[in-house]
Amino acid sequence: MSHKYPYVFGSSILMIIQLPRAAITLTTATTTALPLVRRLSIARMTTQSYQRNGNFTRPDSAFRRFISKDPTSTFPAEKGRYALYVSPGCPWAHRTIIVRILKGLESLIDLYLVQPRMGPEGWYFSHEGDPLHGFKTLKELYHLADPNFSGRYTVPVLWDKKTDTIVNNESSEIIRMLYSEFDHLLPDHLREPNRPGGGLYPEKLREEIDAMNEWVYNTVNNGVYKTGFATTQEAYEKNVFPIFDSLDRLEGILGHGKPYLLGDHVTEADVRLYTTIVRFDVAYHPVFLCNLKSIRHDYPRLHLWLRRLYWDADEDGETRGAFFKSTEPYLNLYGGGYAEARHKIVFKDAGPLVIPAGPAVLIEPLP
Ligand SMILES: N[C@@H](CCC(=O)N[C@@H](CS)C(=O)NCC(=O)O)C(=O)O
C-alpha cells in the first residue's frame with residue numbers, strides 16, 4: 001500500500017515543519033570532533049527489553065530535569081536554547097508537538113524530526129543528519145548526553161543546546177514545562193493565567209486532571225500498547241477489555257455536551273487523550289487488535305470530540321490549529337508505523353510484514 005506507507009517521509013515532513021536554517025548547517029564537523037571514548041560508546045545497543053512474561057512493560061524515562069522560568073536555575077527558559085526531537089507518529093512525542101503550537105512556542109523552541117521509520121538502531125535522522133550534531137541516529141544523541149546510557153532511545157527528547165545534553169525525555173513532564181515556564185517570553189494572551197479557562201492545567205482543575213490522567217494512561221494511552229504488544233493470549237485479554245471500559249467511561253463524561261473533556265476549554269486532559277483517540281480507528285483497532293468497538297461507529301460523543309479538535313484549523317482560535325497541524329500530514333502513516341512496530345516487538349521482525357489497508361476514510365468530516 002504505497003499510498004499509506006511512502007518512502008518519501010523525510011522530504012514530505014521537512015516541507016511541513018521548517019527546521020531553523022542555522023541549525024541545519026551544523027553538520028558532521030561536531031561528530032568527528034567527539035572524543036574517541038564517546039564515539040566508541042555510541043556503538044553499544046540498549047539492553048532494556050519491553051517484554052516480561054508476555055506482557056509489554058514500559059520502562060521509566062531516564063532524564064527527568066526541568067526547564068524553569070527562574071533565570072538562576074540550571075536550565076532557565078531562553079529563546080532558541082532548547083530543541084524538541086520528535087517522531088510525529090509517536091503519540092508521546094505528539095503531545096509535545098501539540099503543546100508547542102498551543103502555547104505559541106514555535107519561535108522559541110526548535111523542532112527536529114526523526115525519520116518516521118525505525119531501523120536496526122532505532123530512530124534515524126534524514127540524510128542531512130541531526131541538525132545540531134550531524135548524527136545519524138537518536139542513539140548517538142543519547143550517548144552524547146550520557147555515554148553510559150543503556151535504556152531505550154525514545155522520543156520525545158528535550159535537548160539543551162547550551163550544555164549539549166538531554167533535559168528530559170518524559171512527555172508528560174515536558175508538556176508541563178511548556179505550559180508555564182516560557183510565559184515571560186510570550187505575548188500576554190498566550191500566558192497561562194490569561195488563556196481561556198485559566199490555562200491547560202489550571203489550579204482549579206488540577207486534581208481532576210491528575211485523577212483522569214491516571215486511569216486514562218493505564219487503560220487507554222498505554223493500554224493500547226499493552227494490548228498490541230502482548231505476546232500471550234492471557235496478556236492480550238487482560239488489557240483489551242479495560243480499554244473499552246475506559247472508553248465507555250469517557251463517552252459518559254462527554255455527556256455534559258461541552259466541546260472539551262473538562263468543559264468549555266481545552267486542557268491537558270484533551271491533549272493526552274487526543275493522541276490515542278486519533279490513532280484508534282486507523283491503527284490500534286486494525287493493528288493492535290483493539291477491535292471490540294471503533295470510535296467512529298460506537299462512540300458518538302468521543303467521535304464528535306475528536307473531530308472538533310482535529311478539524312479546528314483556525315490559527316487564531318483557542319487550539320491555534322495545533323491538533324490539525326500536528327496530525328493531518330501524518331495520519332496516513334500511523335497504520336504502517338504501528339504495523340512495523342508490532343512486527344518488530346512481537347515477531348522480532350520475523351516473517352512478512354503486512355499492513356492493513358483500511359479504514360478507507362482516515363478521519364470523517366464534522367456532521
Ligand atoms: N515515557 C515516554 C515514552 C516514549 C516512547 O516510548 N517513545 C517511543 C515511540 S512512540 C520510542 O521512541 N521508542 C523507541 C524504542 O523504544 O526503541 C514518554 O512518554 O515520553
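1. Helices (at least four residues) and strands (at least two) are DSSP runs here, numbered from the N terminus. On that basis, the protein chain has 15 helices and 6 strands. Keep in mind that this is a predicted model.

2. Start with the chain as a whole. It has 367 residues, and 39% of them count as buried.

3. Next, the active site. Which residues carry this label in UniProt? The record, an unreviewed entry, places the feature "active site" at C90 and Y225.

4. Look at C90 on its own. Where is C90 found? C90 sits in the loop between β3 (82-86) and α5 (91-102). Is C90 buried or exposed? A residue is buried if 20 or more other C-beta atoms lie within 10 Å of its own. C90 has 23 such atoms within 10 Å, so C90 is buried.

5. Now Y225. Its place is in helix α9, which covers residues 223-228. Y225 has 22 other C-beta atoms within 10 Å, so Y225 is buried. What does Y225 touch, not counting residues up to four places away in sequence? The answer is F56 and R58.

6. Turn to the ligand. There are 13 residues around the ligand. Those that come nearest are C90, W92, R152, T154 and S171. By class, the shell around the ligand has 5 nonpolar, 6 polar and 2 charged residues.

7. Last, a pair of helices. Helix α11 covers residues 268-284, and helix α13 covers residues 300-311. The two pack at an angle of about 100°, with their axes 11 Å apart. That makes α11 roughly perpendicular to α13, because angles of 65 to 115 degrees count as roughly perpendicular.

8. Which residues in α11 and α13 meet? From α11 come D270, Y274, I277 and V278. From α13 come L302, L306, L309 and Y310. By class, this contact has 7 nonpolar residues, no polar residues and 1 charged residue.

Key:
Residues numbered from 1 in each chain as written. Predicted model: local features only at pLDDT ≥ 70, side-chain atom pairs only at ≥ 80, totals over all residues. Axes fitted to C-alpha atoms, helices over the stretch in contact; angles between N-to-C directions. Parallel < 35°, antiparallel > 145°, perpendicular 65-115°, else oblique. Contact = placed C-beta atoms within 7 Å. Nonpolar A, V, L, I, M, F, W, Y, C, P; charged D, E, K, R; others polar. UniProt positions renumbered as here; feature names shortened; annotations may be inferred. Buried ≥ 20, exposed ≤ 12 C-beta atoms within 10 Å, placed from the backbone. Near = placed C-beta within 6 Å.
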